[in-house]
Each structure stands twice: as C-alpha cells, then as structure tokens.
Amino acid sequence: MSDRPAHEPPARLTRWEQRTEVPLFAAGLLFLTGYAVRVLTPHEAEPWNDIALTLVWSTWLLFLVDYVARLHLSGLGSRFLRVRWLDTVVLLLPLLRPLRMVQVYQAVQRRHDRPRLNLYARVMAYAGMTVGLLGFAASLAVYHLEHRAPDASIRTFGDAVWWACATLTTVGYGDATPVTFWGRVVAAGLMACGLALLGAVTGSFSSWLIQVFAREDEKRPPERG
C-alpha cells in the first residue's frame, strides 16, 4: 500500500500540472482574447470573427486534452468528478479558468511548516491578477447576454465593466444590473468568486503581516526585570 496521503495527487499528475501550468495559462488568455473579439466586434467584421471562433475552439480542445490527461494520471477513475470538480467546471466554462487560483491557495493553507514569504507574495499577486481576469471575463459575458435585452441597463461594454467593478468590490450601486436569467446567473457566480478570491488576498496578506510581526518580536531583546 502506498504511503502517499489521500489528498496528495500522484507524482505523474503533479509533474504534468507543473509542465502545463504556463502553456495552459497562455491558452486561457488566447481563449479570452478570441471570446472578446467575438463579443465586441460586429458580426459582419470578417475575417476577424472567423479567426476568433477558430481560436476559441482550438484552445478549448487543448483544455479538453489536458482534462483527459488529468483524469488518466490521477488514477481516480469515476471519483475524479467529485475529487477534482474544479477541473470539470473550468472545462465546461473556460471563462472560469481563473478560479484555478483556489487550488494554489489551498496548497498554501495545507502547509504545516512556515511558508516562505515569497510564496505568500505569489499567492497575493496571482489572486489579484485572477480577480482582474475574472472581472473582465464576467464583463464580456454580461455584455453579451444583456445589451440587447428589453429594459437592459447594461447597454455598452463600459457599463458591463462598471457593473463588474461594483460587484467584485461588493459596493453594489444598483445603477447597472442584469435583467436576464443567465445574466443574473453570471452575476451570482461573480459575487461568490469575487468574495472567495478577495478573501484569499486578504488572508494571505494578513498571514504575511503576522509572520513579519512574529519575526520582529523574536529579534527584539528580552526586557530586563
């Protein structure tokens, strides 16, 4: 029987994830670029729409290949959908690929020793960048779903960006709100994801400050009685 803890992925899967992290991140940016062109350019703008559509489908096929590889290397079989549910979510909804940041933050939280400070800095930077990408993706999705709807308050992409900023920061001015069913589904998802990611930033920053203060206390000479 293997001594590997139940929550720890197999070595082959870990190596695969390490090798594909950067290429898949680049593919995610290409997917987002293609989707943005499809949403923001007129339908008669050729050949850009066809190029964007090809980019979207080709990058999604890369995500599918990665998903199949993870399923095979994990050795989980039918349990893969339950244990690695986030992989399934980002395959079906590639605009949510920034949510893979959650796995990075969980890896930091599972460490029993004292993490290096630069690891906290990486988590904060990655989470901050993820919030930006997720907000941009949500803006595209809501603009696509809302701008032609009757009584819509989100008519331009600028309106959608303003709505995303208000939603992510939990300000909620209410001057721009989704009115369609799927637009509200995107809004609910952005609220939940935004709170989780901003919580990751806040938690990592707080942990980093606690470490700094603890080390300063250790360096301080003891008071004489």
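Modeller: Residues are numbered from 1 along each chain as its sequence is written. The model is predicted, so local features need pLDDT of at least 70 and side-chain atom pairs count only at pLDDT 80 or more, whereas totals for chains, interfaces and linings use all residues; side-chain values use heavy atoms, with hydrogens and water left out.

Biologist: Why is T20 called buried?

Modeller: Buried means under 20% relative accessible area, exposed over 50%, and partly exposed in between, with a 1.4 Å probe and protein chains only. T20 has a relative accessible area of 12%, and is therefore buried. T20 is found in helix α1, residues 11-40.

Biologist: Which residues does T20 touch, apart from those up to four places away in sequence?

Modeller: With that exclusion, T20 touches D66 and R70, where contact means heavy atoms within 4.5 Å.

Biologist: Why is L145 called partly exposed?

Modeller: The relative accessible area of L145 is 34%, which falls between 20% and 50%, so L145 is partly exposed. This residue lies in helix α6, residues 117-146.

Biologist: Which residues form the nonpolar patch on the surface?

Modeller: L145, F181, W182 and V185 form it, with about 430 Å² of accessible area together. Patch residues have over 30% relative accessible area and no salt bridge; nonpolar side chains (Val, Leu, Ile, Met, Phe, Trp, Tyr) are joined within 5 Å, and like charges within 9 Å. A salt bridge is a side-chain nitrogen of Lys or Arg within 4 Å of a carboxyl oxygen of Asp or Glu. Accessible areas come from the Shrake-Rupley method with a 1.4 Å probe, and for residues only the protein chains shown count as cover. Helix α8, residues 181-219, supplies the largest share of the patch, three residues.

Biologist: Which residues touch the most other members of the largest nonpolar core?

Modeller: Of its 23 residues, these are L140, I154, W163 and L190. The largest share of this core, nine residues, comes from α6. A nonpolar core is a set of buried Ala, Val, Leu, Ile, Met, Phe, Trp, Tyr and Cys residues joined through side-chain atoms within 4.5 Å.

Terms used. Helices (H or I, at least four residues) and strands (E, at least two) are DSSP runs, numbered from the N terminus.
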